[in-house]
Structure formats: C-alpha cells, structure tokens
Amino acid sequence: MRFDAEKAASHRAVLLAGEEGVYRQRALTELLRSTAAEDFDLESFGADEKPPNEWTALAGTAPFLSERRVVVVRNLGRVDPGAVWAGQAAGVGHPFATDLASLPDTSLLVMVLDDETGDDDRRQRTISRGKAWGRLVSAGKGFVQEFTADAKSLPTVLQQEAKAVGKKLSPKAALALADMSGGQLSIASGEIEKLAIYVGEAAEITERDVLAVVTADPDYSVYVLVNAALRGDPGVALNQLRLLIGRNPRPEETVFSRLFPAFSSTLRMVWQARFCIDKRVSPSEVPEDVARWLPEKNLTSEPPWRLDQHIKTAQRLTLAQIADCFQEVKLAESSIKGLERSAGLNTTLELMTLRIAATCRAPGR
C-alpha cells in the first residue's frame, strides 16, 4: 500500500491506523525520516502516559534545532476519546479538533493506532476508538491513513517480501503462508524472516519449509480441523480437535467463538459453491444472474486459497450432505448449551466431528 510521506508531512497532525502493522510501522519510519528532526525536537510516548491536551501542547512548542517539533503518540487505542470528552460529538467544534487546527506550521503530531494484544473484545475496542480518533483528526484538518491489506493479493505481496530478503517464495508456499498467518501481512512478514534463516543458503522457500517452521494463527488450526472433517478424514480432524480443546483452560469460549463459527462459515461457502456448480457456473466467476441468489457476504469475497478449498469440497458433496453437516453442528451447539441431551463437551464435539466426517465420506445422495 502506497504511503505519501511528503503529503502526510505537509499536515500538522497525522493519524496512522488500519489493520496492517507492517505498513503502519514503515509509514512511521518514512515519515520521521522525511522530517529529519533532531533528538531535542522529537518525543515519543504512549497515549495513556499523558492526557491529549499535553500532546498538542508539546507539539505546539517551538523547535530547538530542527525546522519542526515532532511528537509521536503510540498505542492510541488505549485512550477512548468518548471518555476524555464525554458528550462531545466529533466535529469542527470539538476541543481536540480545535487544538489540532490551531497547531503552528512547525508542529507535527503523529498518532499511531498500534495493535493491542488480548481478546477479541479488546481488539474491537481498539478499532472503534481508532475510528473515533480518525474523525477528530479529520475535523482538525489532519491527515488520516488506514493501512489495510487485500487478502486476494496477499500471496503476491509475500513473494515480494521474500524477494526483498533474497529468497524466492514458491506459489504454493505463498498460499500456505497466507493461510497460516490468517491473511495478515504483519504476521506473515515476520515469518518470512524466520523462513529465510531456516532455509539457509537455499534460494527458494518451499511449502514444506512453511509447514515446518511457521507458527500458525489460532484460526488456521480450526480450519485444518474443519477441512479435515469435510473431506472425510476423522483421524486428522479428531487430532486437531483434541489439540484445540486439550491445551485450552476455557474450551467453551474457543468452541463458541471459533469452532462453531468456522464450521458454519465454511459450510455456508461450500453450500454456495455447490449451488454455483449445480447452476453450471464457476464459483470463482459468478455471473450476476446467479450472484443475486447469494447473500451479500458470499464466496466471491473469499481469498483465492480459501475459495479453492471450498470449491474442492463442494465438488465432492451434494447439497443434502452439506445440509446434514449443518444439522450436526446445530445439534452439537444446542447440546452444549443444554437445549438437547449432552454427553459432555468433549464427547459431544467428537461425535459431531465423526458424524460430519462420515457424512462427507459417504457416497453423495
């Protein structure tokens, strides 16, 4: 994703946000390099270390040896603007927006929405706060850029990243790395450095290298389980299930936040792929007259490596088999919630997995 450091630096306030940390960090490095501020005129701290009015006050201080006074505020998501300015709507009249618009030309206040570790709720709070800060920075005539990655082009981007460290990343390795990193460049790029060290003098990083070295995103293990069950491989599916449940002190949370959603979303995509196949159209190029029968979020939005998997699964199954798999997931979920008879969490999930694998292994009907 292109970042115009010169354009950003022409503003007095800059917000670097978005889901891709690699792009954010590179943009910050490029922006600071373009300002060439001396240490006396460069200050960096966490958003929760000083109140926002001090951010603008420090940025508004006259520079000592440089042309501009640069203040970098990291981990912006740790501060909720709605709590700092309760009842104040984001707009031109907002106190923070007013302070930003009043900064002198010698100021550069750079705010970075860094990733936060923790559960999904914390990540969602960070994203929500980032959007709120974005509205304030825009209202204060600042520069806002959100760095996102196109999942469909990620394998190509990863091949370019590997080339930058002197290695060739094979197409299959690029697909595997994209999948195992959960489609996140910030994770995958770090794995490329590990892979480059692992292969040593070898010129190419292969799929085998990726599978041997890369630490998979938690969701990847869930999809390995789901795909194994849907191709009728109970051994691999049960092994993944036991790893998922056995190493988790609170398995119920993982089951409801990851496992059941993964089964449901995958089955929906496989159903849509099967529907397209039955209509004699390619699931990867759905014409408008068929697409209108699909939900708004459909298989055309899936990255290529996931779409290929859905198509392969759909080619082996009938709509009736897919419907039976949906029913097994629904029954297991109801049993664990206490709405149906249950033999316990582990046994219920194992039975669901075995029944789905058996359904998918049986001849189509």
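Predicted model: local features only at pLDDT ≥ 70, side-chain atom pairs only at ≥ 80, totals over all residues.
A residue counts as exposed when its relative accessible area is over 50%, and as buried when that area is under 20%.

**Helix H7**

Helix H7 covers residues 154-164, and its buried residues are Leu 154, Pro 155, Val 157, Leu 158, Glu 161 and Ala 162. Around the helix axis they cover an arc of only 155 degrees, which puts them on the same side of H7. The face turned away from that buried side carries Gln 160, Lys 163 and Ala 164, which are exposed. Several elements pack against the buried residues of H7: helix H2 (21-35), strand S6 (168-169), helix H8 (171-180), helix H9 (185-199) and helix H15 (304-316). After H7 comes Gly 166, which has a positive phi, near 85 degrees.

**Overall architecture**

The protein has 17 helices and seven strands. Its C-alpha atoms fill a box of roughly 75 × 55 × 45 Å along the principal axes. Of the 365 residues in the protein, 46% are buried. Contacts between residues at least 6 apart in sequence join residues at least 24 apart in 75% of cases.

Charged side chains number 45 positive and 49 negative, and the centres of the two sets lie 6 Å apart.

**Helix H17**

Helix H17 comprises the 17 residues 345-361. At 1.5 Å a residue H17 should span 24 Å, and the C-alpha atoms at its ends are 24 Å apart, which agrees with that expectation. The buried residues in H17 are Leu 345, Thr 348, Leu 349, Met 352, Thr 353, Ile 356, Ala 357, Thr 359 and Cys 360. Seen down the axis of H17, the buried residues fall within an arc of 165 degrees, so they line one face of the helix.

**Cys 276 in helix H13**

Cys 276 belongs to helix H13, which covers residues 251-278. The relative accessible area of Cys 276 is 0%, and the residue is therefore buried, since the limit for that class is under 20%. Apart from neighbours within four places in sequence, Cys 276 is in contact with Val 281, Pro 283, Val 286 and Val 290. Ile 322 is 46 residues away from Cys 276 along the chain, and the C-alpha atoms of the two residues are separated by 14 Å.

Asn 75 is placed in the loop between strand S3 (69-74) and helix H4 (81-84). Lys 141 lies in the loop between helix H6 (120-139) and strand S5 (143-146). Their values are set out below.

How values were computed. Residues numbered from 1 in each chain as written. Heavy atoms only, no water. Helix = DSSP H or I, 4+ residues; strand = E, 2+ residues; numbered from the N terminus. Expected span 1.5 Å × (residues − 1). Buried < 20%, exposed > 50% of the residue type's maximum accessible area, 1.4 Å probe, protein only. Arc of directions from axis to C-beta. Contact = heavy atoms within 4.5 Å. Lys, Arg positive; Asp, Glu negative; His and termini not counted. Charge placed at Lys NZ, Arg CZ, Asp CG, Glu CD.
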